[in-house]
Amino acid sequence: MNTMSTHHRMQVIDLESVRQQRRKRHRIVRLAPELDGLEMLYQLASDPKSLYGMPVLAWGLQEDGHVVGMVPWLDCLTRCDTLEDPEQGRFVGYRDPESELVMESPPLHKVVELEHAAAYFDYEYEDEPCILQHLPDTQGTHALCHAHDDSWQLKQVHGWHLYSDGSIEALLHDEEKVCEEPILPGDDCLYAGHSRHEALYLFQRQIANRIRSQDPATLEALSVMMVTQE
């Protein structure tokens, strides 16, 4: 038995390079808003017999050509198929509330829309991340932001920026800057949330309104969630 040849066939795998290649394949290169009310379905370990629905905000085309639903989840706009936490939410599929059709994958018309848009807007990437796309927020998403004085501010998300490195940032209003009404994604008074806040949490409009009204059950659930994420 020739042990020398066995050793020669051994390969050293750079795990960090593998992770970087995987992240590149999953990088979002184009977004399309969801305007027909399609939902993400998810399941909780505390209630395994029920399915919960959350409106899809947008659909994202990845570098590898795969299309995924996107929802505001915890601190970022998140790919639905990455939600695998039994306690916080495990992704099950998509649903059309009007027809009650449940789908395992994004609808074909969104896949076609994104593929054609990406082919038309064929950008050349620069070394430094640049803005590829402005996406309006159509759901009244809000962000609970940690301020410099250790207080928390509840702010409306006015839109989203997709950057060339695949990152997506919530756009928030700087109250110290004058801004025309209505506020639009390209206005100078907007800033990327994580550029000023070390921590922020995203919520749908109805949850944000409960936080504003100091609803006891909502505030208790919020405090538990924030402790869990620390």
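Buried, as used here, means under 20% relative accessible area; exposed means over 50%, and partly exposed lies in between (1.4 Å probe, protein chains only).

This is a predicted model, in which local features need pLDDT of at least 70 and side-chain atom pairs count only at pLDDT 80 or more, while totals for chains, interfaces and linings use all residues. Residues are numbered from 1 along each chain as its sequence is written, and side-chain values use heavy atoms, with hydrogens and water left out.

1. Salt bridge of arginine 27. Arginine 27 is buried, at 15% relative accessible area. Arginine 27 forms a salt bridge with glutamate 63, and the closest N and O atoms are 2.9 Å apart. (A salt bridge is a side-chain nitrogen of Lys or Arg within 4 Å of a carboxyl oxygen of Asp or Glu.) Arginine 27 sits in the loop between helix 2 (15-25) and strand 1, and glutamate 63 in the loop between strand 4 (58-62) and strand 5 (67-73), so the pair ties together parts that are 36 residues apart in sequence. Helices (H or I, at least four residues) and strands (E, at least two) are DSSP runs, numbered from the N terminus. Glutamate 63 is partly exposed, at 36% relative accessibility.

2. Further salt bridges. The whole structure holds 6 salt bridges. One of them joins lysine 155 to glutamate 175, with 3.1 Å between the closest N and O atoms. Lysine 155 is in strand 12, glutamate 175 is in the loop between strand 14 and strand 15, and the two are 20 residues apart. Lysine 155 is buried at 7% relative accessibility. Glutamate 175 is exposed at 53%.

3. Arginine 196 and aspartate 174. This pair also forms a salt bridge, the closest N and O atoms being 2.9 Å apart. Arginine 196 lies in the loop between strand 15 and strand 16, aspartate 174 in the loop between strand 14 and strand 15, and 22 residues separate them. Arginine 196 is partly exposed, with a relative accessible area of 35%. Aspartate 174 is buried, with 9%.

4. The disulfide. The structure has 1 disulfide (a pair of cysteine sulfur atoms within 2.5 Å). Cysteine 179 and cysteine 189 are the partners, with an S to S distance of 2.0 Å. The link is left-handed, at -50 degrees about the S-S bond. Both cysteines lie in the loop between strand 14 (168-173) and strand 15, 10 residues apart. Cysteine 179 is buried at 18% relative accessibility. Cysteine 189 is buried too, at 2%.

5. Two strands pair if DSSP finds at least two bridges between them. (Axes are lines fitted to C-alpha atoms, for helices over the stretch in contact, and angles run from 0 to 180 degrees between N-to-C directions.) Strand 10 is joined to strand 13 (residues 159-163) by 5 bridges. Histidine 134 has histidine 161 in strand 13 as its bridge partner.

6. Strand 11 pairs with strand 12 over 5 bridges, and histidine 142 has glutamine 156 in strand 12 as its bridge partner. Strand 11 (residues 142-146) pairs with strand 16 over 4 bridges. Cysteine 145 stands opposite leucine 200 in strand 16.

7. Strand 16. In a regular strand the side chains alternate between the two faces of the sheet. Strand 16 (residues 200-203) is covered on both faces: Leu200 and Leu202 are buried on one side, Tyr201 and Phe203 on the other.

8. The surface. Tyr120, Phe121, Tyr123 and Tyr125 make a nonpolar patch of about 460 Å². Patches are made of residues with over 30% relative accessible area and no salt bridge; like charges are joined within 9 Å, nonpolar side chains (Val, Leu, Ile, Met, Phe, Trp, Tyr) within 5 Å. Accessible areas come from the Shrake-Rupley method with a 1.4 Å probe, and for residues only the protein chains shown count as cover. Tyrosine 125 lies in the loop between helix 3 (108-120) and strand 10 (131-136). Tyrosine 125 is partly exposed, at 38%.
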